[in-house]
Amino acid sequence: MSSPVEALVNREYKYGFVTDIEQETAPIGLSEETVRFISARKREPEWLLEWRLKAYRRWLEMTHEPHWANIHHEPIDYQAISYFAAPRTQKPLGSLDDVDPKLLETYAKLGIPLSEQKLLAGVAVDAIFDSVSVGTTFKATLAKSGVFFCSFGEAVQEHPDLVQRYLGSVVPASDNYFAALNAAVFSDGSFVYIPKGVRCPMELSTYFRINAANTGQFERTLIIADEGSYVSYLEGCTAPKRDENQLHAAVVELVALDNATIKYSTVQNWYAGDENGVGGIYNFVTKRGKAMRGAKISWTQVETGSAITWKYPSVILQGDDSVGEFYSVAVVNGWQQADTGTKMIHLGRNTKSTVVSKGISAGRGQNSYRGQVKILPKASGARNYTQCDSMLIGNRCGAHTFPYIDVQNSSSKVEHEASTSKIGEDQIFFCKQRGMNTENAISVIVNGFCKEVFRELPMEFAVEAQKLLGVSLEGSVG
Amino acid sequence: MMALLEIVDLHANAGDAEILRGVSLTVDAGEVHAIMGPNGSGKSTLAQVLAGHPAYRVTRGTVTFAGHDLLDMEPEERAHAGLFLAFQYPVEIPGVTNAYFLRTAYNAIRKARGLDELDPMDFLDLLEDRLRVVEWGPEIMERAVNAGFSGGEKKRNEILQMAVLEPTLAVLDETDSGLDIDALRIVAKGVNALRRPDRATVLVTHYQRLLNYIVPDRVHVLSGGRIVKSGGKELAHELEERGYEWLTGTGDAESVTAPAASYAATASPVPAAP
């Protein structure tokens with residue numbers, strides 16, 4: 001009998017289809033002209049164009065990508081991509097009835113029906129297709145509670161004050177190479193504003209889809225939770241199977257004002273490349289939130305896709321008594337590489353952060369946890385608890401942990417726990433002896449391993465995440 | 001009538017080493033067999049080979065279980081056919097509750113047999129009933145499978161799993177080792193409660209002690225990968241008096257009664273056999 005732990009990656013990626021739709025794309029390459037093209041195409045005000053151009057010039061000065069991550073790839077040719085792609089038939093943003101049926105069909109195929117009747121009750125969706133939003137559901141319902149949920153492009157037109165006030169306030173354009181690139185060329189994304197004291201009446205969600213070839217997706221999301229408000233937000237992402245690597249460099253900024261709560265969940269399932277490591281999305285994402293007095297920001301991510309994942313959803317605990325959380329499951333299989341983790345920056349007194357990271361490596365995947373906990377001198381009574389567990393499936397994958405702990409206040413308390421385990425043949429055999437087949441056994445073991453993270457996801461998505469995990473690891477054990 | 005389990009001339013290797021060198025054994029429904037033997041005699045290997053552990057390679061011989069060619073079946077197919085192995089070293093599965101694990105296993109077996117899966121509420125009723133066998137309260141079901149369990153609790157958990165899955169043939173691999181007297185009594189009670197005319201049990205053990213609680217129909221002594229002597233329950237007592245040296249002739253005066261030092265204090269006095 002052959003060993004059950006024999007990595008032969010043979011997974012089905014059921015989102016790998018292409019929608020045949022006429023596209024308007026920006027000419028290939030990146031220059032000041034490209035930035036002006038995008039800004040003009042989106043009818044942006046002068047200040048925003050200036051902001052983009054400043055970012056672009058800053059990006060030019062940066063000359064190279066961050067090199068500290070534990071990832072390896074061929075150099076990215078930034079002049080070989082188109083920075084804007086939109087379905088040509090797109091009408092001025094209006095009713096969902098105006099959306100091209102081909103696009104509605106695409107989202108239906110992805111399991112995201114955009115017709116409000118068919119949607120999961122209680123979840124509003126903004127659908128981003130390449131560089132533009134093709135529709136946002138339940139806008140009218142949400143508006144009754146004073147909640148703004150729309151595409152970033154619309155927000156620029158309809159809520160310019162809020163955008164101007166908060167854009168770049170958490171992730172400045174100069175923050176890092178990819179954030180600067182995003183600031184220069186970002187196209188669409190979602191915008192959320194929850195007014196003071198309002199508990200958002202439904203889950204908000206954005207579904208990102210890359211379709212066009214030779215393009216990158218550079219969306220920007222801004223969520224503002226005003227004092228004492230609450231919002232739960234989820235994003236999902238998929239892309240077609242293509243032989244070339246496609247770049248996704250997004251920025252997400254969260255602003256939680258006094259006593260507000262933002263819960264941000266991600267189920268990332270970009271195309272990961274084929275069994276030889278050809279193709280797949282390069283996912284370089286900057287996500288950060290700022291928590292004011294008594295506010296709470298909670299990131300939950302399930303990262304199963306992308307050829308390369310580089311992201312560190314972070315929290316700046318600026319206000320006293322603010323809370324930051326990061327719950328992560330990152331799966332690599334095949335030739336995938338993930339370098340992901342978080343930064344918890346404690347500025348305020350009695351601030352609290354929790355980090356729970358579960359890394360699963362299979363096939364020839366390389367999985368790195370990189371986390372920073374920084375307690376600044378004024379953060380008296382600050383606390384951090386970090387738990388970082390890695391699981392290996394097979395013997396050709398890798399798990400790496402890079403914790404950075406910087407404590408400058410003696411009254412604070414920081415805990416770090418880490419473990420690495422190999423999914424044992426004995427564990428699998430035990431489950432099989434009790435009647436389960438191999439896939440079933442792995443699913444039971446892995447879901448148990450990820451339980452602390454899954455229970456943080458909204459109910460509907462926890463089920464989806466568990467299924468996704470099953471698909472991602474399919475064939476990882478022969 | 002066809003035997004429930006028929007092993008003929010079984011040879012098996014671990015790596016290059018031949019561990020089983022021609023084991024033959026017949027177990028009929030309704031019987032309890034004890035397989036005894038010194039350390040390294042191949043007792044645990046026999047149990048693992050029956051369950052289909054991938055670390056062992058069968059090189060010769062046949063095993064027929066309830067009419068199936070057992071050696072041709074995947075481990076889970078053996079379970080579906082009614083074979084259960086109580087592990088000597090039960091593994092831990094962090095984050096998976098006992099209740100979820102047992103229900104998944106129970107339903108996997110039902111599904112394989114073409115039966116409807118039991119919904120969580122009905123399964124809970126079944127569980128409650130079986131928990132009594134091992135004298136446990138319902139709180140154990142919310143704990144992760146064997147995670148943080150003591151050695152005795154792990155063994156008790158094996159018996160609980162057996163009680164839920166109701167196998168036709170249960171193979172208990174040194175379930176008695178490392179148990180204090182109370183745990184031993186509970187394990188024995190569990191095994192005895194499952195005795196039925198249509199089921200059988202194979203107890204693999206080093207010590208005679210367990211056989212005071214579970215009286216076997218047949219006792220076999222394994223040595224050097226072969227069964228060197230078989231007899232009735234009195235064979236266990238004879239072994240107790242004379243030691244394995246009597247049959248193995250190796251000069252290792254390995255005791256059949258003296259329990260390991262770790263539980264010596266609680267293991268005596270051993271009650272007399274009924």
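1. Three salt bridges are counted between chain A and chain B in this predicted model. One of them joins Glu76(B) to Lys432(A), with the closest N and O atoms 3.2 Å apart.

2. Between chain A and chain B there are also ten residue pairs in polar contact. On the side of chain A that touches chain B, helix H8 (425-433) and helix H9 (438-449) each supply at least two residues. H8(A) gives the most to that side, with eight residues. By class, the side of chain A that touches chain B has nine nonpolar, seven polar and five charged residues.

3. The contact involves 21 residues from chain A and 33 residues from chain B. About 2200 Å² is buried between chain A and chain B, and carbon and sulfur atoms give 68% of this area.

4. Over all chains, the structure holds 24 aromatic pairs. Trp68(A) and Tyr312(A) form a tilted pair, 5.6 Å centre to centre with 55° between the planes. The two residues are 244 residues apart: Trp68(A) is in the loop between helix H2 (46-62) and strand S2 (85-87), and Tyr312(A) in the loop between strand S15 (308-311) and strand S16 (314-317). Trp68(A) counts as partly exposed because its relative accessibility is 43%, whereas Tyr312(A), at 10%, counts as buried.

5. Tyr78(A) and Tyr177(A) form an edge-to-face pair, 5.7 Å centre to centre with 65° between the planes. Tyr78(A) lies in the loop between H2 and S2 and Tyr177(A) in helix H7 (residues 177-185), so the pair ties together parts 99 residues apart in sequence. Tyr78(A) is buried, with a relative accessible area of 8%; Tyr177(A) is buried, with a relative accessible area of 8%.

6. Ring pairs link these residues into a cluster whose members include Trp68(A), Tyr78(A), Tyr177(A), Trp310(A) and Tyr312(A).

Methods:
Residues are numbered from 1 along each chain as its sequence is written. Chains are lettered from A and ligands numbered from 1 in the order in which they are written. This is a predicted model: local features need pLDDT of at least 70, side-chain atom pairs count only at pLDDT 80 or more; totals for chains, interfaces and linings use all residues. Side-chain values use heavy atoms; hydrogens and water are left out. Contact means heavy atoms within 4.5 Å. Buried area is the accessible area (1.4 Å probe) that two parts lose on being put together, summed over both. A salt bridge is a side-chain nitrogen of Lys or Arg within 4 Å of a carboxyl oxygen of Asp or Glu. A polar contact is a pair of N or O atoms within 3.5 Å; within protein, one must be able to donate a hydrogen and the other to accept it, and residues adjacent in sequence count only if both atoms are side-chain atoms. Helices (H or I, at least four residues) and strands (E, at least two) are DSSP runs, numbered from the N terminus. Ala, Val, Leu, Ile, Met, Phe, Trp, Tyr, Cys and Pro count as nonpolar, Asp, Glu, Lys and Arg as charged, and the others, Gly among them, as polar. Rings of Phe, Tyr and Trp (its six-membered ring) pair if their centres lie within 6.5 Å; planes under 30 degrees apart count as stacked, over 60 as edge-to-face and the rest as tilted. Buried means under 20% relative accessible area, exposed over 50%, partly exposed in between (1.4 Å probe, protein chains only).
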